[in-house]
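Let's take a walk through this structure together. Have the sequence and the 3D view open side by side, and we'll go one piece at a time.

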Amino acid sequence: MTNSNSKPKTSVSNIHELGLLVACVLVLLIFSFTAPNFFTERNLLSILRSASYVGLVAFPMTFVLISREIDISVGPSVAYSGVLFACLIKWYGISYPLATIIVLLWGLVLGYVVGIVRTKLFVPTFITTLALWSALRGMALWQTDGMPVMIGSKAFRHFFGGDFLGFPTVTWIMLVVFIIFWFLSTYSVLGTNIYAVGGNPKAARSVGINVDGIKIITLTATSFFSAVVGILFVARVSSGNSTVGEGMEFDVIAAVVVGGTALGGAVGRMTGTLLGVLFIAMIGNGLVHWGIDPDLNKVVRGIIIFLAVVINSNLTLKSNTGPKGED
Amino acid sequence: MSILQLNNISKNFGAIVALDKVTLNLEQGEVLGLMGDNGAGKSTLIKIIAGNFKQSEGEILFENNNVEFNKPMDARNKGIEVVYQDLALCDNLTAASNIYLTRELKKKFGPFSIIDFKRMFESAKNIFAELKSETLPNETVKMMSGGQRQAVALARTKLSKAKVVLLDEPTAAISVRQVAEVLELIRQLKAQGISVVIISHRMPDVFAVSDRIAVLRRGKLVANKFAKESSAEEVTALITGALETA
């Protein structure tokens, strides 16, 4: 009754995203002035490329976190998809398009199984994907003896691993996927239902939303895009490699959370995730250009991401004190 | 006209008799206060009307037709809506999105069908105006007071064109000022010809809006009379058993 004519309040997400945008610009400026060879066309495109691989999985991961689940098997899933793709082509002589279809189907099925195990057997996704994290990496190593599986098609490598209209092809793909996910999260019933499931699963169920179905969809999407990235990595290095994507789950989840998505669900936006992905990619690249020891690089990234999450959770806590439902 | 008529409703859970031959009717546009101590059978009765439980014996007439509710959807399809104490709202969505959850208004955008937020906000604004509530359609629910949350929950029932609204403790756990707001919402529902059943422990609130008071004690209906012919003292005595019937 008190604020009948007040304008809708600036949401916390907006403040967060503005802050993150400022942080991105600051990081860009700092590295540009202090790190040699950081602000070059070649390096900026390289940042964009690595951000794009992370982004492709980070957008569906945003939905997974919003719906109160998590998938930590991204890195091994990317590696195994790539290995499977390369093996199908090299060892079984399957054509590129067919191998692509098989690997994408594999991604869909794997995500679906994680979803079913979560919703029908009530195993937390953290546990299932932790098991997958170990199993998929092991499978990839075992299947290839830890050796790269080389594949030859130049056209495939040049297009999917190379550039298109001056930008990495993967960046174009990432942008299209971003627009799709942004659209879904903002204007679609599916997106609204995902937020509803994260906000109050009990309420969502009581109005007839298929809560289990929504969770399965978000988990399947993430697994699917892990497979997509697996294939794109093969195109980049022209081989299926069991060791790629190490620590990628960290980059993806960090980007999503830095982007303002709450680990506890309900809150998060695709625009924030996009900024988070760029932020993480710039930090990773910039630290290398500073000449910091690669091992220490990981430490510094850990600290920066920790700080970002502390800021984020304090922002969301202040505005997100409402009751939480079941699950 | 009786919109809802319960005849000799009994409900047993094993050897426990939760409801014992309860006969009760609800007129169109009437507010019925359903009272009773914890365990008196109020919740069981509401759950039978809402289709959560099936009665062991007795019949339910809705608009003079015999009805059987096997699941909540059956009751909802007839126009019976329940608003529970822990209002089933999503805190992270706006009032309008909550009201329209699973029945979003859509518009064409090229080949896609997208959510028409503008129309949803407009329509939610109208519903709030009908309820004489100043809740803002585009505000997130987590920012809202208990009274405004209640308004959102009731707006949902308005949207589904409910004929009977069952309110479970609508004024529990909210501030005195918001209680007035919620009671006003109930009066607005009544003014629009909707029948309301409120379950509450708060005597003054029940008397403030109810036309009739029904009292349950140990599964039996011990009183069913017009509010103006009764008093808080009498009802208290009936609830506790100091008075056998009235």
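Two strands pair if DSSP finds at least two bridges between them, while the strands themselves (E, at least two residues) and the helices (H or I, at least four) are DSSP runs numbered from the N terminus. What you see is a predicted model, where local features need pLDDT of at least 70, side-chain atom pairs count only at pLDDT 80 or more, and totals for chains, interfaces and linings use all residues. Residues are numbered from 1 along each chain as its sequence is written, chains are lettered from A and ligands numbered from 1 in the order in which they are written, and side-chain values use heavy atoms, with hydrogens and water left out.

Start with chain B. Strand β1 (residues 2–13) of chain B is joined to β2(B) by eight bridges, and the two run antiparallel. At one spot, B:Phe13 stands opposite B:Ile16 in β2(B). Zoom out and you'll find an open sheet of four strands in chain B, in the order β2-β1-β4-β5, with antiparallel pairing. Its edge strands, β2 (16–27) and β5 (65–67) of chain B, each pair on one side only.

Now hop over to chain A for some rings. Rings of Phe, Tyr and Trp (its six-membered ring) pair if their centres lie within 6.5 Å; planes under 30 degrees apart count as stacked, over 60 as edge-to-face and the rest as tilted. Counted this way, there are 22 aromatic pairs over all chains. One of them is A:Phe63 with A:Phe181, a tilted pair at 5.6 Å centre to centre and 45 degrees between the planes. A:Phe63 sits in helix α2 (residues 41–66) of chain A and A:Phe181 in helix α7 (residues 169–187) of chain A, 118 residues apart.

Is A:Phe181 buried or exposed? With a relative accessible area of 6%, A:Phe181 is buried (buried means under 20% relative accessible area, exposed over 50%, partly exposed in between, using a 1.4 Å probe and protein chains only). A:Phe181 also meets A:Phe225: the ring centres are 5.7 Å apart and the planes at 70 degrees, so this pair is edge-to-face. Since A:Phe225 lies in helix α10 (residues 211–237) of chain A and A:Phe181 in α7 of chain A, the pair ties together parts that are 44 residues apart in sequence.
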